[in-house]
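Good morning, and thank you for making time for this item. I would like to take us through selected helices, their packing and a few individual residues.

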Amino acid sequence: MFEEKYKNKKVLITGNTGFKGAWLSIWLKHLGADVYGVSNEIPTTPSIFEVCNLQNEITHFFEDIRNLAAIKQIIENIQPDFIFHLAAQPIVSESYKEPVDTFTINVIGTTNVLEAVRVLNRPVNLIMITSDKCYENVEWTWGYRENDRLGGKDPYSASKGAAELVIYSFYHSFFRSPDSKVKLTSVRAGNVIGGGDWAVSRIVPDAMRSWSKQERVQIRSPYATRPWQHVLEPLSGYLMAGVKLDDDNNLSGESFNFGPSSDQNHTVLELLEKLSEYWFTKDGNSMIDTQESTFHEAGLLKLNCDKALHELSWKPTLNFLQTIDFTAKWYIDYYKNNNVNTEYINQQILEYTKIAKSKGIKWASM
């Protein structure tokens, strides 16, 4: 399970104090990697980074990704074998409040990582994480492919489309040569759920905060459809992309989608109704209120992941109900049982891996 590739390797994760970054840090530590992180702050209270005491488990640097000189120096000092770039302003609603920060963090931050690697002059595998919202969403019923048009009406989506253009430019300008020491790929996923997400204006954290206090949760766009997936799903794809990138020069410059099967799309209301069954002995619908959204959000969005299947041998592991089960149990053990730590998360990783192996998914048998 990835050990041969990541064990004893230096791996830098930008945005490591965030939800996905912390899960990836724990998984890579589990694989025996020497994990480094850079982030300008701990983004939420509580945070999975603090709950799992990750500041004592990895080498962490507090620095703004927009500070090019500092990012260059950190990467120069680490001399990493792999970089997973997750540092971002990730909230759609926040992008309306702070559009300049959203663009500078997501676009200039991406540029700075690429530039720091460009001048490093050593072999590096660079996995650039953007978002499914990088596509120009016309709300058609089929999934977006990696060669579909980029764009976005809201500042967040536009910033992710712009970040993809920066990645494309750097690859073709500096890293396309067979002699390049840098290999890179961009990876796209979205609507990730799982234990330890406490971000604002996200439906699962909002519900968990409310329900843990026996309060009703307010939701917008209850009938919006999303490709919900557990956080371990895209992370397994990112790790597999890193493995393949290190092994195959022909994958450099490629992009990959990671999402659930096309029949796994569910509405916001369906998601909450299933989660509520873990929290309440009576009908949990009584703890859900709807309200009108005050800003534009797409009603329908899903990805076509055929390219990841054929070129990376990756496919999703969990169905919708298993995703709910992994997520709900994490928060219940945190809020009701005070039973969440790094070992608890490692157990969920092992359980996830066991399910993947039972389904014959390639990465779980490596």
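Let me begin with a definition: a residue is called buried under 20% relative accessible area, exposed over 50%, and partly exposed in between, with a 1.4 Å probe and protein chains only. By that scale Asn191, at 15% relative accessibility, counts as buried.

As to the basis of these values, this is a predicted model, in which local features need pLDDT of at least 70 and side-chain atom pairs count only at pLDDT 80 or more, while totals for chains, interfaces and linings use all residues. Residues are numbered from 1 along each chain as its sequence is written, and side-chain values use heavy atoms, with hydrogens and water left out.

Helices (H or I, at least four residues) and strands (E, at least two) are DSSP runs, numbered from the N terminus. Asn191 lies in the loop between β6 (182-188) and β7 (192-193). Contact means heavy atoms within 4.5 Å. Setting aside residues up to four places away in sequence, Asn191 touches Asp132, Lys133, Arg226, Pro227, Trp228 and Gln229.

I turn to helix α2, residues 19-30. Its 12 residues reach 17 Å from the first C-alpha to the last, close to the 16 Å expected at 1.5 Å a residue; the expected span is 1.5 Å times one less than the number of residues. How much of α2 is buried? The count is 10 of the 12 residues, so α2 is largely enclosed by the rest of the structure. Among the buried residues are Phe19, Trp23 and Trp27. Lys29, also in α2, counts as partly exposed at 36% relative accessibility. Beyond its neighbours within four places in sequence, Lys29 is in contact with Val35, Glu57 and Ile58. Just after α2, Gly32 takes a positive phi of about 90°.

Tyr6 is found in helix α1, residues 3-6, and at 0% relative accessibility it counts as buried. Tyr6 and Asp81 are 75 residues apart in sequence, yet 9.1 Å apart in space, C-alpha to C-alpha.

Next, helix packing. Two packed helices are described by the angle between their axes and the distance between the axes. Axes are lines fitted to C-alpha atoms, for helices over the stretch in contact, and angles run from 0 to 180 degrees between N-to-C directions. Angles under 35 degrees count as roughly parallel, over 145 as roughly antiparallel, 65 to 115 as roughly perpendicular and the rest as oblique.

α2 packs against helix α13, residues 342-358, at an angle of about 75°, with the axes 10 Å apart. The two are therefore roughly perpendicular to each other. On the α2 side the contact is made by Trp23, Ile26, Trp27 and His30, and the α13 side includes Ile345, Ile349 and Tyr352.

How do the axes of α10 and α12 cross? The axes of helix α10 (residues 268-276) and helix α12 (residues 320-335) come within 10 Å and cross at roughly 55°, and the helices are therefore oblique to each other. In this contact, Glu270, Leu271, Lys274 and Leu275 of α10 meet Phe320, Leu321, Ile324, Thr327 and Ala328 of α12.
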